Structure formats: structure tokens, C-alpha cells
Amino acid sequence: MSRNLYQVRAYNIKHGYDVSQFLEAYRLMLQKAIDEIWVRIRWVERYDKRGRRRLIPIMPKDGGFKHHYLRALLLRGWQYSKHYVDSAIKQAYSILKSWRRNYIKGERSWEKPIIRKRFVRIKETLYSFRDGKIRVSIKPYKEYLEFYISRAWFLRRARGEMGELILNEKYLTVTFKFKERRTC
């Protein structure tokens, strides 16, 4: 039997851009998304394997909440590219799903996750890669960050297609995703 597994490789590029305001705005928006989802979590009583009653969190999943209410709420006052709002919603759900899984296992407390680190996940719709240059949209048609990587050491080793980018105060992390065929 053979399966395709995805491998991801990540490489850092040091930069000198002052992105602190942008990163802080994104961090606050991500926390606001988590807060809004958190207040809408339903707690349902269930029995665990040992027969004890436990409260299990059920997150809101309906598209009306995610794509209309939450997106509209987060877009208010947001001065950067709108796709970052979609990224924050996706990331907030990912963080809360991870918290829920660990909470059910007994490895996390009942406390809401708090975002402390300043970083941004940049979806493929928010950057372009041409002629050895990555161009990241910050504000549409107004502000971009450019990273020249045509001579980067990792381009010779990188396989697959470029995936999501992660931007923090000092580095841009570039990921490459590729299929690795394995036989079992």
C-alpha cells in the first residue's frame, strides 16, 4: 500500500522592516476573534470513560456566524488587507480546536487562550513570488514588503511549492510543501 504524505520545510529570512504596528493590530484582531468565539461556546454535559460527568465545549460552526457576523465585526476599523481577517478567523478556530482537544484530555484548564506573541500567517492570496522576489501586501495598492530571495541558499534545496508565510518582528518564515510518496 502506498500513501502520499505532505512534508513541510520552513526557512527564515531576516528582515529590517518595522512591522510592529501591523503585528500588534493583527494580534489584537486574532484575540478579538478568539474572544467572540469563546463567548458563543456551548458547554454540554457528557460522561467520560470513567462515568464522571464533564462539561464539553462545543464551538459555533455555522457559516452565518463565521463569515458574516465575525468577519464584519473584525473588519470594522481594520486598515490592512481584508484577507488578514479571514486568516485570523481560520487561525482563531485552529487555536480553539487545539485548546478543546487538550481540554478534553485534561491537559488544559477551562481558561480562554490568550495570544501573546506577535506574528502574522500570510496566506497565499496575500503575496506573490516572481523573479526571486516575494511581495507581501500589507495595505492593498498602498503598502508592500519586498523580500529578495533569488540568492537565498535554501532555494537550491527547496522542493515543492511555496506555501504560507509567517511574519514576525525579525524574520519572514517561508514554507515549502511537497508530497513524499511512501510505501507501507
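Student: How many strands does the open sheet have, and in what order?
Tutor: Strands of a sheet pair through backbone hydrogen bonds, either parallel or antiparallel. In this predicted model, the open sheet has 3 strands in the order 5-6-7, and the pairing is antiparallel.

Student: Which are the edge strands?
Tutor: An edge strand pairs on one side only; here that applies to strand 5 (127-130) and strand 7 (143-148). From one strand to the next, the twist averages 20 degrees.

Student: How many bridges join strand 5 to strand 6?
Tutor: Strand 5 and strand 6 (residues 133-139) run antiparallel and are joined by 4 bridges. As for facing residues, R130 stands opposite K133 in strand 6.

Student: Turning to burial, is Q31 buried or exposed?
Tutor: Buried means under 20% relative accessible area. Q31 has 10% relative accessibility, so Q31 counts as buried. Q31 is found in helix 1 (residues 20-39). Apart from neighbours within four places in sequence, Q31 is in contact with K112, P113, I114 and I115.

Student: And R42, buried or exposed?
Tutor: The cut-off for exposed is over 50%. R42 counts as exposed because its relative accessibility is 53%. R42 lies in strand 2 (residues 42-47).

Student: Which residues is R42 in contact with, leaving aside its neighbours within four places in sequence?
Tutor: R42 is in contact with I56, P57 and I58, with those neighbours left aside. Of these, P57 is 15 residues from R42 in sequence, and their C-alpha atoms are 5.7 Å apart in space.

Conventions:
Residues are numbered from 1 along each chain as its sequence is written. This is a predicted model: local features need pLDDT of at least 70, side-chain atom pairs count only at pLDDT 80 or more; totals for chains, interfaces and linings use all residues. Side-chain values use heavy atoms; hydrogens and water are left out. Helices (H or I, at least four residues) and strands (E, at least two) are DSSP runs, numbered from the N terminus. Buried means under 20% relative accessible area, exposed over 50%, partly exposed in between (1.4 Å probe, protein chains only). Contact means heavy atoms within 4.5 Å. Two strands pair if DSSP finds at least two bridges between them. Axes are lines fitted to C-alpha atoms, for helices over the stretch in contact, and angles run from 0 to 180 degrees between N-to-C directions.
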